Amino acid sequence: DRVFPSQTAYQCLGRVISGEHEADRLFVAVNALAEYKIYHIRAVTSVLSRVESAGRRVTPAFADRMANVAISLIEGNYQTNPSSTFLSAAIQLVAALLRGRLVNPELLDPDVCATGKRAVEVMWDLVGSEHSTSRNIRLATSVVEWLQKRGTDSGVLSQETEDDEVAGENE
């Protein structure tokens, strides 16, 4: 399998992938990376948000790894850089990974999974921070509800706004 190294390639892939096998190839390529840029995160989020069957390709190992990437980004940005596009992209990535519950209902479940538990704790830290934006508080609260299997706002699982697509593409 070929790893797509360029920012433009990942941006395009995130927008054009339409099937679960294509999604799987993207997930394998992203999983092989040692370092993540915002366009890698957005490509995965975009595919999981747009391709209905992509959630079937989210393995527990991939969800765990990507959720840990997101958690680290949230921890590293919510107090010092609360308006960072990385921050909202990381929250959206966790939400998008929950599409994997189509196949594995316990995926990132905080009662069963240490990463899910850590995600809930970090999201609550973000919500309680005086530095957080209202948008990120709303997103994080919805993601926690979904992590705890109490979510009602199904829009959070496919939340990707136009200004997020454009803002911070080079981070």
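These are my notebook entries on a predicted model.

**Entry 1: the core**

I began with the largest nonpolar core, which has 54 residues. I looked up which of them have the most contacts inside it, and found Leu26, Phe27, Ile74, Leu97 and Leu108. The largest share comes from α5, with ten residues.

I then picked Leu26 and left aside its neighbours within four places in sequence. Leu26 is in contact with Tyr10, Leu13, Ile17, Ala43, Val44 and Val47.

**Entry 2: helix α2**

I checked the span of α2. Which residues of α2 are buried? I noted Glu20, Ala23, Leu26, Phe27, Ala29 and Val30. Among the elements that cover them are α1, α3 and α4.

**Entry 3: the aromatic pair**

I counted aromatic pairs and got one. The ring centres of Phe27 and Phe62 are 4.9 Å apart and the planes meet at 20 degrees, so the pair is stacked. The cut-off for stacked is under 30 degrees. Phe27 belongs to helix α2 and Phe62 to helix α4, so I noted a link between distant parts of the chain, 35 residues apart. Are these two residues buried or exposed? Phe27 is buried at 2% relative accessible area. Phe62 is buried too, at 4%.

**Entry 4: His40**

I looked up His40 and found it in helix α3. His40 counts as buried, with 5% relative accessibility. Leaving aside neighbours within four places in sequence, I found His40 in contact with Tyr10, Leu33 and Glu35.

**Entry 5: helix α6**

I repeated the span check on α6. Its 15 residues should span 21 Å at 1.5 Å a residue, and the end C-alpha atoms agree at 21 Å apart. The buried residues I noted in α6 are Thr115, Gly116, Ala119, Val120, Val122, Met123 and Leu126. An α-helix has 3.6 residues a turn, so residues three or four places apart point the same way. The cover over the buried residues of α6 includes α4, α5 and α7.

**Entry 6: salt bridges**

I counted six salt bridges. Glu20 pairs with Arg57, and their closest N and O atoms are 3.4 Å apart. Glu20 sits in helix α2 and Arg57 in the loop between α3 and α4, so the bridge ties together parts 37 residues apart in sequence. Glu20 is buried at 17% relative accessibility. Arg57 is partly exposed at 23%.

Arg57 also meets Asp24 in a salt bridge, at 3.4 Å from N to O. These two are 33 residues apart, with Asp24 in helix α2. Asp24 is partly exposed at 26% relative accessibility. I noted a network of salt bridges that links Glu20, Asp24, Arg56 and Arg57.

Another bridge joins Asp109 and Lys149, with the closest N and O atoms 3.1 Å apart. Asp109 lies in the loop between α5 and α6, and Lys149 in the loop between α7 and α8 (162-166), so parts 40 residues apart in sequence are tied together. Asp109 is buried at 8% relative accessible area, whereas Lys149 is partly exposed at 44%.

**Entry 7: cysteines**

How many disulfides does the structure hold? I found zero. Cys12 is partly exposed at 41% relative accessibility. Cys113 is buried at 19%, and the cut-off for buried is under 20%.

Key. Residues are numbered from 1 along each chain as its sequence is written. This is a predicted model: local features need pLDDT of at least 70, side-chain atom pairs count only at pLDDT 80 or more; totals for chains, interfaces and linings use all residues. Side-chain values use heavy atoms; hydrogens and water are left out. A nonpolar core is a set of buried Ala, Val, Leu, Ile, Met, Phe, Trp, Tyr and Cys residues joined through side-chain atoms within 4.5 Å. Buried means under 20% relative accessible area, exposed over 50%, partly exposed in between (1.4 Å probe, protein chains only). Helices (H or I, at least four residues) and strands (E, at least two) are DSSP runs, numbered from the N terminus. Contact means heavy atoms within 4.5 Å. Rings of Phe, Tyr and Trp (its six-membered ring) pair if their centres lie within 6.5 Å; planes under 30 degrees apart count as stacked, over 60 as edge-to-face and the rest as tilted. The expected span of a helix is 1.5 Å times one less than its number of residues. A disulfide is a pair of cysteine sulfur atoms within 2.5 Å. A salt bridge is a side-chain nitrogen of Lys or Arg within 4 Å of a carboxyl oxygen of Asp or Glu.
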